[in-house]
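The sequence and structure come first.

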Amino acid sequence: MKLIIDTDPGIDDALAIAYAALHPDIELLGLTTVFGNVTTAQATRNALYLSELMGLSIPVAAGAVKPMKLPPFAPKTRVHGPEGLGDLPAPSPFAKAHDMTAAQFLCDMAALYPGELVVCPIGPITNIADALKMDPAFAQNVDKIVFMGGALDVRGNVTPYAEANAFHDPHALDAVLSSGANVTMVGLDVTLQVLLNDQDFTDLANKKNGIGVFLKDLGRFYLDFYQSIGLNGCGLHDPMAVIAALYPALFKMETLSIEVKLEGEESGQTCRSQSKERPTCRVSLDCDAHALRSEFFKVFDN
Ligand code: BDR
Ligand code: CA
């Protein structure tokens, strides 16, 4: 599977990138970056660093620095740490970002591999909305867009209504969901069904692939945050979008039209749309948590 991950790394973003880098059936063509857990500049720096750490030599293209319509915001450091990598200091990667913007890179790669490219947005979905605007053929060229975001039948995680990625750019998410592209939503309905705890990070660190030691360092900070909100484990949010792209059968999905609330206290809420004109997408409502957990861990034996 030819894959581009659009990311705001971010601790669970790092887990998703590691999973993709290690999976034998994933050809990671590049990373595109966006604001969210950190600023776009930090996200780009972290993405370059994570690629180097995982021995990847792939383009990293920097994307949007603010939401489509909402004002820019300063990232909160409580969940992913001041630099996005828990309590690790700011990394200094050797490589530089690609000279194309994220949206241009996405359009070019989709045109180069029509019907083959899978895009996994795991931060606010602004770059994908920009790509759809930039190239009318992008929606058809791309095979599928499998995004982490939204919360349909469960409460949000930044407000009672909204999941963080949807909340940070609701206009972009609404544009993607109404574009007619092949879209799959992997939201909190499923991503909080698979929690990683302290023992899981220790197990990762003891796996054959040494990257688990680094991920355990990040995990400590993430687990502390989850503990502070009463959960004994962190959601496997971002990796689950990548796993859903490869193994949709591990999820119970329904074909629905989804719209995003754009104002007021419900801003960022994803809901079923009554409009007949709105295209449908696949929405993950339930999952085989046990199989997903095994699938995630399996790649670290490589
Ligand atoms: C999403 O928000 C971010 O904090 C995570 O990286 C994930 O993409 C979960 O709501
Ligand atoms: Ca993310």
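Aspartate 8 sits in the loop between β1 and α1 (11-22) and isoleucine 122 in the loop between β4 and α4, so the pair ties together parts 114 residues apart in sequence. Aspartate 8 and isoleucine 122 are both buried (under 20% relative accessible area, with exposed over 50% and partly exposed in between; 1.4 Å probe, protein chains only).

The loop between β1 and α1 also holds glycine 10. The peptide bond from proline 9 to glycine 10 is cis, with omega near -10°. Most peptide bonds are trans.

## Model and conventions

This is a predicted model: local features need pLDDT of at least 70, side-chain atom pairs count only at pLDDT 80 or more, and totals for chains, interfaces and linings use all residues. Residues are numbered from 1 along each chain as its sequence is written, chains are lettered from A and ligands numbered from 1 in the order in which they are written, and side-chain values use heavy atoms, with hydrogens and water left out.

Helices (H or I, at least four residues) and strands (E, at least two) are DSSP runs, numbered from the N terminus.

## Helices α1 and α11

The axes of α1 and helix α11 (residues 237-246) come within 6 Å and cross at roughly 30° (lines fitted to C-alpha atoms, for helices over the stretch in contact; angles run from 0 to 180 degrees between N-to-C directions). That makes α1 roughly parallel to α11 (under 35 degrees; over 145 is roughly antiparallel, 65 to 115 roughly perpendicular and the rest oblique). Residues in contact (heavy atoms within 4.5 Å) include Asp13, Leu15 and Tyr19 of α1 and Asp238, Val242 and Leu246 of α11.

## Helices α9 and α10

Helix α9 (residues 198-205) and helix α10 (residues 211-228) have axes that come within 7 Å and cross at roughly 165°. The two are therefore roughly antiparallel. In α9, Phe201 and Leu204 are among the residues that meet α10, where the partners include Val213, Leu215 and Leu223.

## Helix α3

Buried residues in helix α3 (residues 102-112) are Ala102, Ala103, Phe105, Leu106, Cys107, Met109 and Ala110. Their cover includes β1 (2-7), β4 (117-121) and α4 (126-134).
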